[in-house]
Amino acid sequence: LTPFNPPTLPSGAGNDMAIVNKKFLYLPQSDSLTIQAFTIDHSTGALTTISGSPFATAGADSITSDPAGRFLFGGNQTTGSVSVFQINATTGALVAAPGSPFFAFNLDFAEVLAVDGTGNFLYVGQDFAALPVHGFSIDQNNGALSPLVGSPFSLGVAGVRTDFTGKFAVGLSRVFGDNHLYVFAIDLTTGGLTPVNNSPFATTMATPENLRIHPSSHFVY
């Protein structure tokens with residue numbers, strides 16, 4: 001292994017980052033209202049700033065992308081807005097989608113973002129189990145968002161993570177003493193979320209705070 005000197009990452013970074021298509025790294029900056037973007041050298045692991053970075057946003061505390069790596073979504077915890085960008089497949093540069101940033105969805109917070117495995121739906125959790133999860137359809141041409149029928153969904157979770165098949169979403173409440181995982185089936189047509197049989201499922205943890213789903217969709221961590 002040979003050490004390398006990566007670019008300095010400023011303070012104030014959000015609590016998520018996204019690696020897209022295994023070659024671009026995006027880092028939200030909540031204090032400067034920007035997203036920093038880098039290319040990843042697969043030989044050395046070195047990072048190089050993408051031209052135009054940092055990219056202005058309405059605020060991004062957490063981000064995610066669609067499975068195909070065409071769009072990047074940023075949630076603003078303070079204003080409840082959602083920013084959407086088109087990703088240049090060659091350079092990794094970001095261009096705002098039509099209508100972005102989206103302020104009119106009545107979100108108090110936009111904190112836990114997840115795109116389903118098909119890339120058709122975006123789910124935005126508000127980090128509080130008492131607040132609903134909002135669901136949106138993603139315009140496959142430009143990334144613009146439209147609320148799903150039935151959204152927002154009162155699921156009793158702070159947010160959800162989605163599996164890679166597009167079939168399921170898993171959430172947790174983050175309520176002290178609740179050790180359960182909540183599993184929902186995703187309607188492939190409407191994007192609606194319905195609890196699966198026997199959900200929620202107890203764990204041996206005191207209060208799960210976060211989770212990730214294995215790329216095989218067989219395991220939850």
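How do strand E16 and strand E17 (residues 193-195) pair, and over how many bridges? They pair in the antiparallel sense, over three bridges. The close-ups below come from a predicted model.

**View 1. The hairpin of E16 and E17**. Six residues lie between the two strands. In this hairpin, Gly191 takes a positive phi near 80 degrees.

**View 2. Strand E16 beside strand E15**. E15 covers residues 168-172. Four bridges link E15 to E16, and the sense is antiparallel.

**View 3. Strand E16 beside strand E18**. E18 consists of residues 201-202. Two bridges join E18 to E16, and the strands run antiparallel. Leu181 has Phe201 as its bridge partner in E18.

**View 4. Cover over strand E16**. The strand spans residues 180-186. E16 is mostly covered, with five of its seven residues buried.

**View 5. Ala60 and its surroundings**. Ala60 belongs to the loop between strand E5 (55-56) and strand E6 (62-65). Its relative accessibility is 0%, so Ala60 counts as buried. The cut-off for buried is under 20% relative accessible area. Beyond residues up to four places away in sequence, Ala60 touches Pro28, Gln29, Ser30, Ile35, Gly74 and Gly75.

**View 6. Ala60 and Leu33 across the sequence**. The two residues are 27 residues apart in sequence. In space, their C-alpha atoms are 6.5 Å apart.

Key. Residues are numbered from 1 along each chain as its sequence is written. This is a predicted model: local features need pLDDT of at least 70, side-chain atom pairs count only at pLDDT 80 or more; totals for chains, interfaces and linings use all residues. Side-chain values use heavy atoms; hydrogens and water are left out. Buried means under 20% relative accessible area, exposed over 50%, partly exposed in between (1.4 Å probe, protein chains only). Contact means heavy atoms within 4.5 Å. Two strands pair if DSSP finds at least two bridges between them.
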